[in-house]
Amino acid sequence: MQTEAKRTQSPEVSKNRASRPNRVLSIIVGVVAVAISALSIWYLIWPAPLLVQGVVDATQLDIAARVDGRVAEIPVNEGQDVAAGAVLVRIDNPETIAKNEQGLAAKIVAEAQLANINAGTRAEVIAARKAALERAVASVILTQMTYDRKSQLVQRGDAPQAQLDQATDSLHQAQRARDQAQSAYEQAVNGYTREEHEIAVANVGKAIADVKAVQSIIDQMVIYAPVASQVHKRNVEPGEYVSPGVALVTLVDLNDMWIHFDLREDLARMLKVGDRFSVRIPALSDRRILVEIKQIATKGEYASWQAIRATSGFDLRTFSIRAYPVDKIPELRPGMSTYLDWRERG
């Protein structure tokens, strides 16, 4: 009897043992399904990151000349660091050099004329004028005596009236010659007038001004770096003819770099000058750097707009933001991309 009972229970026990793996598998499947459902709900509920992308920028200087001419030398290369005051370009202009030499010669002439006026009349000139005056006086005395004799002879009837008229005319000429000699002698003694001295001084001043004007053009034929920077681009090569205002060399000031963002107005309204937040630099192994806002555009633009509601059709403008690194980053270069999760900034 017992043997038959055991035989009766064996199929039931075997059935229970076979159903246990199925239960475990069902539990595992149920847990996985619940986890997937929970993760799906979490991804649906959790907001997607709001990535804001920016770019590193720096002050760019387009160096131009104020004179025309042919490029003689460019002693710098692209990518080279230059100090403030370093020579960037030399321009050659023979016509300007010739004008400068003419101006220097005119200046020497004007200064010589002023020196001559300051020195006054030479003693030899004064002596010659005095001798001429004495001859003129002697001539007047002689012609006066001749006139007196002719007048007496005419009165007695011993000479015609024509001889007296001729003597009278000679006397008048001698008197006028004496007066001219007297004026020339006084002019030599007195020297140049105050007006002549002022004219000579003005001529010297004009000559100096002309030389300075041409020299200023010559000085501008050598172009210097205004600040310590790096050569970004050489726009001309030696031998080319350049005109005033044409950019010759482009410099980038690596000491004045910032990160530029274009933010929608619904994001920019939450910012103010002085706010700080961290950004990531993909080019620097996703390095985080702290930046500080120093400039927010006063007016929004439509440079990058987004339609908010298709039914109403109004758009959001963007505001330009400048954020400067709090600490100097030597590896940072203009053109590098930056980004941050706007909701996690801080």
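These are my notebook entries on a predicted model.

**Entry: salt bridges**
I looked up the salt bridges and found 11 in the structure. I started with Arg90 and Glu73, whose closest N and O atoms are 3.0 Å apart. Arg90 sits in strand β4 (residues 87–92) and Glu73 in strand β2 (residues 69–73), so this pair ties together parts that are 17 residues apart in sequence. I noted Arg90 as partly exposed, at 32% relative accessibility, and Glu73 as partly exposed too, at 35%.

Next I turned to helix α5 (residues 194–219), where Lys206 and Asp210 are 4 residues apart, about one helical turn. Their salt bridge has its closest N and O atoms 3.2 Å apart. Lys206 is exposed at 54%, while Asp210 is partly exposed at 37%.

I also checked Asp275 and Lys272, which meet in a salt bridge at 3.0 Å, N to O. Here Asp275 is buried, with a relative accessible area of 16%, whereas Lys272 is exposed at 54%.

**Entry: a buried asparagine**
I found Asn100 in helix α2 (residues 94–119). I call Asn100 buried because its relative accessible area is 12%, under the 20% cut-off. Beyond its neighbours within four places in sequence, Asn100 touches Val211, Val214, Gln215 and Ile218.

**Entry: pocket and patch**
I looked at the largest pocket, with a volume of about 230 Å³. Its lining has 13 residues, and Thr121, Gln187, Ala188, Gly191 and Tyr192 lie nearest the centre. Helix α4 gives the most to this lining, with 3 residues.

On the surface I noted a nonpolar patch of Ile28, Val32 and Ile36, with about 270 Å² of accessible area together.

Conventions: Residues numbered from 1 in each chain as written. Predicted model: local features only at pLDDT ≥ 70, side-chain atom pairs only at ≥ 80, totals over all residues. Heavy atoms only, no water. Patch = residues over 30% accessible without salt bridge, like charges linked within 9 Å, V, L, I, M, F, W, Y side chains within 5 Å. Areas by Shrake-Rupley, 256 points an atom, 1.4 Å probe, with all protein chains shown as cover. Salt bridge = Lys/Arg side-chain N within 4 Å of Asp/Glu carboxyl O. Helix = DSSP H or I, 4+ residues; strand = E, 2+ residues; numbered from the N terminus. Buried < 20%, exposed > 50% of the residue type's maximum accessible area, 1.4 Å probe, protein only. Contact = heavy atoms within 4.5 Å. 1 Å grid on protein atoms, 1.4 Å probe; cavity = no way out; pocket = protein on both sides within 12 Å on 5 of 7 lines; lining within 4 Å. Points joined across faces, edges and corners; volume = space filled by probe spheres on them.
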